Amino acid sequence: MQELKFRTDITFEYGVPSPMSPGVVRLVAPNAGPFTFKGTNTYLVGSTALAVIDPGPDDEVHREAILRTAGARPITHILSTHAHRDHVDGIAKLKAATGAIVCAYPRDPEASRIALKDSPSGSYFVDYDLTPDIALAPGDRVEGGDFALTAIYTPGHAPDHLCFALEDRDLVFSGDHVMAWNTTVVAPPEGHMGDYVRSLEILLDRTDAAFLPGHGGRIFEPQRTIKAYLLHRRWREQAILHAIVRGQNTIRRIVPDVYQGIATHLIPAATLSVQAHVEHLIEKGRVACDLPLTQDRALACV
Ligand SMILES: [Zn+2]
């Protein structure tokens, strides 16, 4: 299988704002890790009053860097791309310090409160209790000082994921939906491959000049990156179908077949990724299986 080439170069210093575009700076939070790369990116948008996109973890030093960067300019809005803890745990204290209005896509607490102990990023990484002051719907605009941001609904990595398009700048804040340093984790039940692919196609139809992701550096050729992502997913899907045809007909057996030589500690994440693909193939009518889907259910190509 052909692998994606990742861009892992990012120049920054923790606590020091990096200019991204006129009226846009980035601060990288000090929460580096296998799922967060160098840390969560927090963006400050505007030049008079500011919007903060993804305050990041609840970290005093990071919060001070945000407030220091804002200086005398008021932070009027806090926007969240999705309620994963590495993006939203810092919201409550930043809101308390600034009085900013919190804007996010509202989660359905009943539907989304699912046990995620098998999640590749560990135990509960979703903040089910994040209650935005303004519940954004797809296409909603958030206006402040001299900025206007439009919410693009992009579920897939998370059911509440939003990207934000910055008006008059050809720029999209792409959250964890599209990143350059690695492929996005799509792990059920939080992640959904069918939604994810549809959400990639939504961004493919746009003509933005750059994406600013939730982790890692700026993406300068976003359409190329999205196409590479889609191609990569299609290859993996083909590899899974071939494995089933050759008799590796359960998720447990597909994983070592598709991810040759995989390290033991990566098997749980790879298993969820294969499960996401199999769910998508079942939805598309390409694979048949008795439900509910488990790791050892027999799969058949249709
Ligand atoms: Zn993240």
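Strand β2 (residues 24–28) and strand β3 (residues 41–45) run antiparallel and are joined by 5 bridges. Strands here are DSSP runs of E of at least two residues, helices are runs of H or I of at least four, and both are numbered from the N terminus. Within this pairing, Val 25 has Leu 44 of β3 as its bridge partner. The model is a predicted one, in which local features need pLDDT of at least 70, side-chain atom pairs count only at pLDDT 80 or more, and totals for chains, interfaces and linings use all residues. Residues are numbered from 1 along each chain as its sequence is written.

β2 and β3 belong to an open sheet of 7 strands with mixed pairing, in the order β1-β2-β3-β4-β5-β6-β7. β1 (18–21) and β7 (134–135) are its edge strands, each pairing on one side only; two strands pair if DSSP finds at least two bridges between them.

In total, the chain has 8 helices and 14 strands. The radius of gyration is 20 Å, close to the 19 Å that the globule rule gives for 302 residues, so the chain is as compact as a globular protein of that length. This radius is taken over C-alpha atoms, and the rule is 2.2 Å times the number of residues to the power 0.38. Along the principal axes, the C-alpha atoms fill a box of roughly 65 × 40 × 35 Å. Buried residues account for 42% of the 302 residues, a residue being buried if 20 or more other C-beta atoms, placed from the backbone, lie within 10 Å of its own.

The chain is divided into domain 1 (18–229) and domain 2 (234–301), with bounds from an automatic or database domain assignment. The domain centres, taken over C-alpha atoms, are separated by 30 Å. In contact across the boundary are 8 residues of domain 1 and 10 residues of domain 2, where contact requires C-beta atoms, placed from the backbone, to lie within 7 Å.

Helix α8 (residues 267–283) has 17 residues and reaches 24 Å from its first C-alpha to its last, close to the expected 24 Å; the expected span is 1.5 Å times one less than the number of residues. The helix is mostly covered, with 12 of its 17 residues buried, among them Leu 272, Val 274, His 277 and Leu 281. The elements covering these buried residues include α5 (193–204), α6 (222–245), α7 (251–258) and β13 (287–288). Just after α8, Gly 285 takes a positive phi of about 80°.

Key: Two residues are in contact if their C-beta atoms, placed from the backbone, lie within 7 Å.
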